[in-house]
Amino acid sequence: MGALVKAATVALAAVAALTVQAPPAAADDICGRQVGGDILIKYTALGGEGGPLGCPTTNEMTTPDGRGRYNHFARGSIYWTPETKAHAVWGAVRDKWEAMGWEKSKLGYPVGDELTNADGQGKRQQFEGGTVYWHPTLSNGAHPVWGEIGKLWGRYGWEGGSFGYPTSDEERSDAIDGFIQGFSTNQTVLWWSRGFPVEHPNLSVCTGECVGYKAVTNTEWVQKTEVGHSLVDGGTDVSVIPTEAGFEDADRNYDALWDQAFKKVPYPKGLTDAQGSSLYTQLACHARYSYEIFGRYTSGDSWDLEGFRRDVSWDFGMNPVTALVHQCNW
């Protein structure tokens, strides 16, 4: 019996010795700081101390929300959560993210590394709540794009498409009960509205949730063009604001007027040929039959083209007799 106890004691001591001799792997000491786990793997893959991040300036820390972990480095940070994994954030994108409140902001955690855009100059990085874009000359800093404005921007080709890079953050606009955001190409403004206030003019399609874009045109006959797209029923309207010369002379060349209306903004995506034809005839009709009476034009300050109106024959739309009845709204 004594021999059995002695043998058991020796065995337990051996197990204890093995346990002490084989602890879990500790974080590496790098530049006097502790970096471990998936953050260390990402850091090493990026070149470690000799890579773009440089030396760590903090030990691995728990984020304030308790969900993730991070290390700050001389030239950036690495953030990790079980869901998003480890990703480095640096440069102008990191500066913007920090200014917005890090992971506590609407952006949340990074879900990918920083990427170079197709133009070879701009950068982007995706976060849980949106994507931050930056360009050395076109973006006026780094700006997040998200939500319905981001979806609309994407439909027209992202930063390489019709609108270019974001040049501002989203800003609240009480005038449309929504948000606006500036973009680089032609200083276009994209917007989202939960539904225009009753007193807002022009785009009748936006009685409910709506997105759109507008730009100052400043051609001979057109000051500004705005396009609205309903997220409720898919309808599209176009508002063209003429110059004084447009009110007076634009009926001399309807093709030129049409080209000027879409000189600085893209033709709306998703319109059928019949809808496009109806918009063209509506524009021509307004240009032909906008008369000044007591200092105001009969069409108002804008020529509003409504995508829901049926396509009609040129004779019906432009005939002076029928125009007295339909007033370009058939």
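A disulfide joins Cys 206 to Cys 210, with an S to S distance of 2.0 Å; a disulfide is taken here as a pair of cysteine sulfur atoms within 2.5 Å. Both Cys 206 and Cys 210 are buried, where buried denotes under 20% relative accessible area, exposed over 50%, and partly exposed in between (1.4 Å probe, protein chains only). The structure is a predicted model, in which local features need pLDDT of at least 70 and side-chain atom pairs count only at pLDDT 80 or more, while totals for chains, interfaces and linings use all residues. Residues are numbered from 1 along each chain as its sequence is written, and side-chain values use heavy atoms, with hydrogens and water left out.

The pLDDT, the predictor's confidence in each residue from 0 to 100, averages 91 over the protein, and 92% of the residues score at least 70. Over residues 1-26 the pLDDT stays under 50, and the model has zero contacts beyond four places in sequence for this segment, a contact being heavy atoms within 4.5 Å.

By the distance rule, the count comes to three disulfides. In sequence order of the bonded cysteines, the pairing is 1-2, 3-4, 5-6. The sulfur atoms of Cys 31 and Cys 55 are 2.1 Å apart, and the torsion about this S-S bond is about -50°, so the disulfide is left-handed. Cys 31 is partly exposed, at 38% relative accessible area, as is Cys 55, at 29%. The link of Cys 285 and Cys 328 has its sulfur atoms 2.0 Å apart and is also left-handed, with -80° about the S-S bond. This pair links distant parts of the chain, 43 residues apart: Cys 285 belongs to helix H7 and Cys 328 to the segment after helix H9 (320-326). Helices (H or I, at least four residues) and strands (E, at least two) are DSSP runs, numbered from the N terminus.

The largest nonpolar core contains 42 residues, of which Leu 190, Tyr 213, Val 240, Leu 257, Leu 283 and Trp 303 touch the most other members. Such a core is a set of buried Ala, Val, Leu, Ile, Met, Phe, Trp, Tyr and Cys residues joined through side-chain atoms within 4.5 Å. Elements that each supply at least two residues of this core include helix H4 (147-155), strand S14 (210-216) and helix H7 (273-289); the largest share, six residues, comes from H7. Another core, of twelve residues, lies apart from it, with Val 89, Trp 97, Trp 102 and Leu 107 among its members.
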